[in-house]
Amino acid sequence: MTDEVVLRRAVAADARAAADVWLRSFRAALPTVVRPRSDDEVREYIRDVVVPLRETWVAEAAGGGIVGLMVLDGASLSQLYLDPDWRGRGLGDRFVALAKERGPGGLTLWTFQVNKPAHRFYERHGFTAVEFTDGSGNEEREPDVRYVWRPRS
């Protein structure tokens, strides 16, 4: 269960561990997607841009390790990554619930078309696919899909 995990706002000292979660998760979930940035560039981006300038949340396990990362940018759920060993324990559900609390008017997100588990996950949480692209608009040049969640009236 996730009782031993706390969701909290990220601080500068979390950047390296959060980036490492991002890297492990990306490799596990998207092995066929070519990343345009090196591991070090990802770490720098999370340290210099994501943590200080975005609403960044981490999941911290009781032992002190960062096991998840969620980034909100206004009404955009721009990133949600879990350490592969922590998938299936309800952390993603908790992050999405938090995102909905923080964005009660609705949320949007992008995910790659090849990431079928993410599609199922977001659809289970009430998100609807509204746009499919050929990937020409993202750095990876990978076909993606935009999802939207709107609260029930």
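These legends go with several close-up views of a predicted model. Because the model is predicted, local features need pLDDT of at least 70 and side-chain atom pairs count only at pLDDT 80 or more, while totals for chains, interfaces and linings use all residues. Residues are numbered from 1 along each chain as its sequence is written, and side-chain values use heavy atoms, with hydrogens and water left out.

**View 1. The largest nonpolar core has 26 residues.** A nonpolar core here is a set of buried Ala, Val, Leu, Ile, Met, Phe, Trp, Tyr and Cys residues joined through side-chain atoms within 4.5 Å. "Buried" means under 20% relative accessible area, "exposed" means over 50%, and "partly exposed" is in between (1.4 Å probe, protein chains only). Look for Met70, Phe95, Tyr122 and Phe127, the residues with the most contacts inside this core. Elements that each supply at least two of its residues include strand S3 (66-73), helix H3 (91-102) and helix H4 (116-124). H3 gives the most, with five residues. Helices (H or I, at least four residues) and strands (E, at least two) are DSSP runs, numbered from the N terminus.

**View 2. Here we zoom in on Met70 and its contacts.** Contact means heavy atoms within 4.5 Å. Skipping neighbours within four places in sequence, Met70 is in contact with Glu55, Thr56, Trp57, Leu77, Gln79, Leu80, Phe95, Leu98 and Ala99.

**View 3. Leu7 sits in strand S1.** Leu7 has 18% relative accessibility, so it counts as buried. Not counting residues up to four places away in sequence, Leu7 touches Trp57, Val58, Ala59, Arg94, Phe95 and Leu98. Now find Leu69: it is 62 residues from Leu7 along the chain, yet their C-alpha atoms are separated by 9.1 Å.

**View 4. Helices H3 and H4 pack together at an angle of about 50°.** Their axes are 11 Å apart; axes are lines fitted to C-alpha atoms, for helices over the stretch in contact, and angles run from 0 to 180 degrees between N-to-C directions. That angle makes H3 oblique to H4. Angles under 35 degrees count as roughly parallel, over 145 as roughly antiparallel, 65 to 115 as roughly perpendicular, and the rest as oblique. On the H3 side you'll see Gly92, Asp93 and Val96, which meet Phe121, Tyr122 and Arg124 in H4. The residues of this contact divide into three nonpolar, one polar and two charged.

**View 5. Helix H1 (residues 15-29) crosses H2 at roughly 130°.** The two axes come within 9 Å, and H1 and H2 are oblique to each other. Residues of H1 in the contact include Ala15, Trp22 and Arg27, while Asp39, Ile46 and Val51 are among those from H2. The tally for this contact is eight nonpolar, no polar and six charged residues.

**View 6. Arg43 is found in helix H2 (residues 39-53).** Is Arg43 buried or exposed? Its relative accessibility is 18%, so Arg43 counts as buried. Leaving aside neighbours within four places in sequence, Arg43 is in contact with Arg16, Ala19, Asp20 and Leu23.

Technical notes
Ala, Val, Leu, Ile, Met, Phe, Trp, Tyr, Cys and Pro count as nonpolar, Asp, Glu, Lys and Arg as charged, and the others, Gly among them, as polar.
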